[in-house]
Amino acid sequence: MDHSGHGMMMDLPPFTLGRGLEFSGDPFFMISCLLGLGLYGWAVVRLRRRGDTWPVGRTVAFVLGVLTVALVMCTKLNEYGMVMFSVHMVQHMVISMLSPILILLGAPVTLALRALPTAGRGRKGPREWLVALLHSRYMRIITHPAFTIPLFIASLYALYFTPLFDFLMESRTGHIAMMVHFLAVGLVFFWPIMGVDPGPHRPGYVMRMLELFAGMPFHAFFGIALMMASEPMIGTYMHPPASLGIDPLSDQQAGGGIAWAFSEIPSVVVLIALVYQWYRSDQRQARRSDRTADRDGDKELAAYNAYLASLRTRGQ
């Protein structure tokens with residue numbers, strides 16, 4: 001028996017972690033993940049061949065980010081996620097809140113800007129198009145908190161609590177589009193907050209923390225609403241296959257618990273990354289001040305001491 005036109009067998013055996021992690025490569029996400037890893041690897045090799053360095057930590061973060069996408073989209077988790085809301089919510093949380101953070105810590109845009117060759121005078125190549133995109137009005141809009149925070153919230157409430165979710169789940173194309181949307185929303189939400197890459201909107205560290213905490217509580221509220229519901233709220237999962245042996249309301253409540261608990265994980269990870277970036281920024285600023293002082297004989301300090309001396313002289 002097919003599930004909503006996906007061509008997937010509904011009579012799946014009861015879910016276990018082992019069954020969920022069995023390989024079942026979705027062609028779209030498998031090709032996308034391999035392409036992403038291949039392009040990133042090519043760029044790193046290109047830098048090193050010309051004698052430049054690239055932090056190993058960034059490479060590790062990017063690879064882990066792509067692998068987390070593959071983990072939830074290229075295994076049987078993807079099939080179970082079509083008929084079990086709790087498994088779907090694991091997919092959603094990972095691909096929208098964990099994968100984007102790891103991918104952004106890999107600084108793929110910075111790597112591309114360093115690896116792509118510059119076009120000749122009067123011409124535009126991939127690097128020039130990328131720079132133009134980064135400075136475009138479009139990027140200023142989609143990375144501004146007035147856009148990213150409402151989008152982040154609407155991706156939960158406007159999707160799950162309206163018929164739109166059931167409509168997208170009716171076809172494989174709709175399901176892929178939804179998952180790509182989750183990943184894209186996570187990227188544009190977290191990019192201005194903790195991304196290493198350059199962007200049109202990059203506020204101070206305190207504002208970044210405020211942006212983070214402005215969006216995260218809504219995930220918790222969403223999870224609590226699902227946990228407290230007295231009946232199934234999402235049509236797609238109201239009638240799970242009998243072979244799974246699950247109750248749809250209990251499964252929905254489990255999914256709500258996952259959404260509620262998972263909202264804390266990225267908050268902690270991003271907060272740690274922000275504090276570390278803040279510390280590194282202060283260290284760099286201190287080193288620049290030291291180099292400036294070495295070059296000019298610390299004229300600023302000498303001027304300040306002279307100012308203090310003049311105040312003492314006036315007071316005598």
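Buried means under 20% relative accessible area, exposed over 50%, and partly exposed in between (1.4 Å probe, protein chains only). The structure is a predicted model, in which local features need pLDDT of at least 70 and side-chain atom pairs count only at pLDDT 80 or more, while totals for chains, interfaces and linings use all residues. Residues are numbered from 1 along each chain as its sequence is written, and side-chain values use heavy atoms, with hydrogens and water left out.

**The whole chain**

Helices (H or I, at least four residues) and strands (E, at least two) are DSSP runs, numbered from the N terminus. Of its 316 residues, 42% count as buried. Among contacts (heavy atoms within 4.5 Å) with a separation of 6 or more, 76% are accounted for by residues 24 or more positions apart.

Return to α2, residues 27-49. Its 23 residues should span 33 Å at 1.5 Å a residue, and the end C-alpha atoms are 32 Å apart, which agrees. The expected span is 1.5 Å times one less than the number of residues.

Keep α2 and α11 in view. Their axes come within 11 Å and cross at roughly 35 degrees. Axes are lines fitted to C-alpha atoms, for helices over the stretch in contact, and angles run from 0 to 180 degrees between N-to-C directions. Display side chains for Pro-27, Phe-28 and Phe-29 in α2, which meet Arg-172, Ile-176, Met-179 and Val-180 in α11. The residues of this contact of α2 with α11 divide into six nonpolar, no polar and one charged. Here Ala, Val, Leu, Ile, Met, Phe, Trp, Tyr, Cys and Pro count as nonpolar, Asp, Glu, Lys and Arg as charged, and the others, Gly among them, as polar.

**Helices α3 and α5**

Now select residues 56-73 (α3) and 85-105 (α5), which pack at an angle of about 160 degrees with their axes 7 Å apart. That angle makes α3 roughly antiparallel to α5. Angles under 35 degrees count as roughly parallel, over 145 as roughly antiparallel, 65 to 115 as roughly perpendicular and the rest as oblique. The crossing of α3 past α5 is left-handed; a crossing is left-handed if the near helix is turned anticlockwise from the far one by less than a right angle, and right-handed if clockwise.

On the α3 side, the contact includes Arg-58, Ala-61, Phe-62 and Leu-64; those on the α5 side include Gln-91, Val-94, Ile-95 and Leu-98. The residues of the contact of α3 with α5 comprise 13 nonpolar, four polar and one charged.

Most residues other than glycine have a negative phi. Ala-107 counts as buried because its relative accessibility is 0%.

**Helices α5 and α13**

α5 passes α13 in a right-handed crossing. Among the residues making the contact are Phe-85, Ser-86, Met-89 and Val-90 of α5 and Asp-251, Gln-252, Ala-254 and Gly-255 of α13. The contact of α5 with α13 divides into eleven nonpolar, four polar and one charged.

α13 itself has 15 residues and reaches 21 Å from its first C-alpha to its last, close to the 21 Å expected at 1.5 Å a residue. Its buried residues include Gly-255, Gly-256 and Gly-257.

Is Gly-255 buried or exposed? At 0% relative accessibility, Gly-255 counts as buried. Not counting residues up to four places away in sequence, Gly-255 touches Phe-85, Ser-86 and Met-89. Its C-alpha atom is separated by 7.9 Å from that of His-88, 167 residues apart along the chain.

**Last stop: Phe-222**

Finally, select Phe-222 in helix α12 (residues 205-228). Phe-222 is buried, with a relative accessible area of 0%. Show what Phe-222 touches, not counting residues up to four places away in sequence: Met-89, Leu-156, Tyr-157, Tyr-160, Phe-161 and Ala-259. The C-alpha atoms of Phe-222 and Trp-260, 38 residues apart along the chain, are separated by 7.3 Å.
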